[in-house]
Amino acid sequence: MPASAPPSPSAAGPAAPAVVPKNVRWVLLGIMLAMLLAMLDNMVVGTAMPTIVSDLSGMEHISWVVTAYTLATAVTTPIWGKFGDLIGRKPMYLASIAVFIAGSALCGASQSMTQLIVFRALQGIGAGGIGAGAFALIAALVPPRERGKYQGMTASVMAIGTIGGPLLGGFITGHFGWRWAFYVNLPVGLLGLVWLSLTLRVPAKRIKARVDWSGIALLTLTISAIVLAATWAGTSYAWGSWQILALGAVAAAGLAAFVAVEKRVAEPVVPLSVLTGHRNFPLAMVLVLAAGVVMFGAGLYLPLFQQTVQGASAANSGLLMLPMMIPVVIVSTIAGKVMSATGKYRIFPIVGTAFLAVGLGLLATMDTSTSRLTTCAYMVLVGIGLGCVLQMATTIAQNSVSLRDMGAAMSSAMLFRTLGGSLGVALFGSMFTRAVGSRLPGGGSGTGADAQAPAEVPAGARDAYLAAVADGTQQIVLFAAILCAVAFVAAVFVVEVPLRKPGAPAVPAPADEDGKVPVRPAS
């Protein structure tokens with residue numbers, strides 16, 4: 001394990017868990033209300049995406065509407081988290097909500113796909129701060145072992161976001177138009193902004209420390225190169241083209257330079273000690289990345305498959321996502337209560353990744369003859385897997401770092417989740433466009449193939465178009481299934497470290513070969 005860095009200005013004393021306020025439920029409700037913004041946005045926009053593409057045109061740009069959002073989120077998440085550690089989590093969290101609200105308003109007013117993509121990027125910048133700040137605030141207010149007491153509240157918010165999101169997206173798109181899929185964020189965001197301004201009380205310390213601008217620049221360059229390569233490879237440029245190879249070289253060089261810079265600066269934007277301090281943290285990041293790929297990919301392309309191939313309306317597509325969303329809420333609630341009562345959690349990511357791999361593998365068998373009932377049955381398995389993995393991966397990560405670095409650690413977790421989603425959507429977009437283009441008559445790119453109205457495709461080409469969409473969806477979910485199989489291997493190697501209680505050491509000791517944690521301080 002690397003030697004500890006000299007104490008920085010922000011580490012005046014040992015980190016201790018924050019005193020849980022008497023009105024913690026009200027505070028947590030405000031935090032989760034802000035989190036609901038991003039949850040609703042992903043689900044609502046995913047359901048409304050075919051209608052957006054139909055109205056603004058440009059099937060070839062569908063992945064960029066999501067990629068711009070997730071790329072901006074991934075790039076800015078560690079920046080928000082680090083500034084929250086240095087300046088104060090409350091002001092940075094409120095600022096991120098304000099940015100998200102502004103981006104939502106501009107997205108709703110977009111007149112072209114280009115405008116929508118740009119404003120989605122602004123919205124993603126705000127989402128990066130919401131995700132990083134929310135997890136850091138919850139981790140500081142409630143220690144992992146006590147978190148089960150508030151699981152009912154968390155599950156309720158998840159239910160609104162995961163179950164209500166697709167329903168709301170289908171209802172809004174069908175009755176008010178897709179623009180209100182973004183405008184709905186405004187009242188929720190303003191309510192959360194006022195709520196937290198009045199109830200959230202955390203120390204607002206402004207620390208004099210040098211900002212790691214070089215690390216921020218290198219991280220931005222590296223992530224952008226990776227996502228752009230994943231987006232363009234196989235569609236705009238061949239995999240072996242000089243453009244893709246150049247982006248790969250830039251990403252590799254940027255990553256190497258970023259690691260070198262983070263080793264020597266006093267306040268790194270992503271402390272390497274967070275990633276290397278305990279083996280559970282990088283393993284949890286694998287789980288988080290896989291969950292991000294599944295969440296973003298399923299949220300975008302399953303509604304597209306259901307509306308295009310299976311003939312569901314926008315409203316019905318929202319209803320058909322329920323078989324995946326309901327198990328997420330139920331299973332995560334049960335897993336949280338078991339974890340809080342027993343302190344055991346290792347079994348859940350193992351079981352969860354197994355369910356994900358199997359469920360996605362079955363979804364990869366869908367074709368134009370697959371019934372909606374069969375699709376829903378497979379989605380139930382995916383929902384059970386996500387319910388086991390989503391919460392536990394974050395808890396494992398939180399329990400593996402000190403409270404002083406909680407902001408950076410949780411922003412790193414959000415970085416992996418959003419980067420997984422961004423890479424997943426980019427790769428999925430490339431695979432989908434290539435599959436559709438190769439199967440359409442004339443080998444076109446699919447541009448003009450309206451996902452919302454396949455009946456308008458010429459009769460002679462309609463069957464080929466539906467088969468092409470089904471083939472593209474098969475490739476996407478098969479890739480996700482393979483990734484979840486890799487995550488299953490990572491879950492097997494997770495060590496059962498006792499969950500931290502109030503006043504307990506912030507960093508667990510490394511485990512021995514038998515998986516038992518010796519009673520000694522962390523090295």
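At 1.5 Å a residue, the 17 residues of helix α14 (residues 347–363) should span 24 Å, and the 24 Å between its end C-alpha atoms agrees with this; the expected span is taken as 1.5 Å times one less than the number of residues. The model is a predicted one, in which local features need pLDDT of at least 70 and side-chain atom pairs count only at pLDDT 80 or more, while totals for chains, interfaces and linings use all residues. Residues are numbered from 1 along each chain as its sequence is written, and side-chain values use heavy atoms, with hydrogens and water left out.

**The chain as a whole**

The secondary structure of the protein chain comes to 17 helices and zero strands, where helices (H or I, at least four residues) and strands (E, at least two) are DSSP runs numbered from the N terminus. Of its 523 residues, 58% count as buried, a term that stands for under 20% relative accessible area, with exposed meaning over 50% and partly exposed the range in between (1.4 Å probe, protein chains only). Among the contacts in the chain with a separation of 6 or more, 84% are accounted for by residues 24 or more positions apart, contact being defined as heavy atoms within 4.5 Å.

| Pair | Angle | Axis separation |
|---|---|---|
| α3 (residues 89–108) and α7 (residues 185–199) | about 165 degrees | 9 Å |
| α8 (residues 213–232) and α9 (residues 242–264) | about 155 degrees | 8 Å |
| α14 and α15 (residues 372–398) | about 150 degrees | 7 Å |

The angle makes α14 roughly antiparallel to α15, and α3 and α7 are therefore roughly antiparallel to each other, as are α8 and α9; angles under 35 degrees count as roughly parallel, over 145 as roughly antiparallel, 65 to 115 as roughly perpendicular and the rest as oblique. The crossing is left-handed for α3 and α7, for α8 and α9, and for α14 and α15; a crossing is called left-handed if the near helix is turned anticlockwise from the far one by less than a right angle, and right-handed if clockwise.

From α14, the residues that meet α15 include Phe348, Pro349, Gly352, Thr353, Leu356, Gly359, Leu360 and Leu363, and on the side of α15 the partners include Tyr378, Met379, Val382, Gly385, Leu386, Val389 and Met392. The residues of this contact divide into 18 nonpolar, five polar and no charged, with Ala, Val, Leu, Ile, Met, Phe, Trp, Tyr, Cys and Pro counted as nonpolar, Asp, Glu, Lys and Arg as charged, and the others, Gly among them, as polar. The buried residues of α14 are Phe348, Pro349, Ile350, Gly352, Thr353, Leu356, Ala357, Gly359, Leu360 and Leu363. An α-helix has 3.6 residues a turn, so residues three or four places apart point the same way.

In the left-handed crossing of α8 and α9, α8 contributes residues including Leu218, Leu221, Thr222, Ala225 and Trp232, and α9 contributes residues including Ile244, Leu247, Ala251, Gly254, Phe258, Val261 and Glu262. That contact divides into 16 nonpolar, four polar and one charged residue. For α9, 23 residues at 1.5 Å each should span 33 Å, and its end C-alpha atoms are 33 Å apart, which agrees. The buried residues of α9 are Gln243, Ile244, Leu247, Ala251, Gly254, Phe258, Val261 and Glu262, and these pack against α8 and α10 (272–276).

In the crossing of α3 with α7, which is likewise left-handed, the contact is made by residues including Lys90, Tyr93, Phe100 and Ser104 of α3 and Asn185, Leu186 and Leu193 of α7. The division here is 11 nonpolar, four polar and one charged.

**Individual residues**

Glutamine 123 lies in helix α4 (residues 113–141) and is buried, with a relative accessible area of 0%. Not counting residues up to four places away in sequence, glutamine 123 touches Asp41, Tyr69, Phe100, Gly103, Ser104, Cys107, Phe182 and Asn185.

Leucine 122, also found in helix α4, is partly exposed, with a relative accessible area of 28%. With the residues up to four places away in sequence set aside, leucine 122 touches Val99, Gly103 and Leu106. Its C-alpha atom is separated by 8.7 Å from that of alanine 68, 54 residues apart along the chain.

Aspartate 55 has its place in helix α1 (residues 24–56) and is partly exposed, at a relative accessible area of 46%. Leaving aside neighbours within four places in sequence, aspartate 55 is in contact with Trp178 and Arg179, and the C-alpha atoms of aspartate 55 and tryptophan 178, 123 residues apart along the chain, are separated by 9.0 Å.

Key: Axes fitted to C-alpha atoms, helices over the stretch in contact; angles between N-to-C directions.
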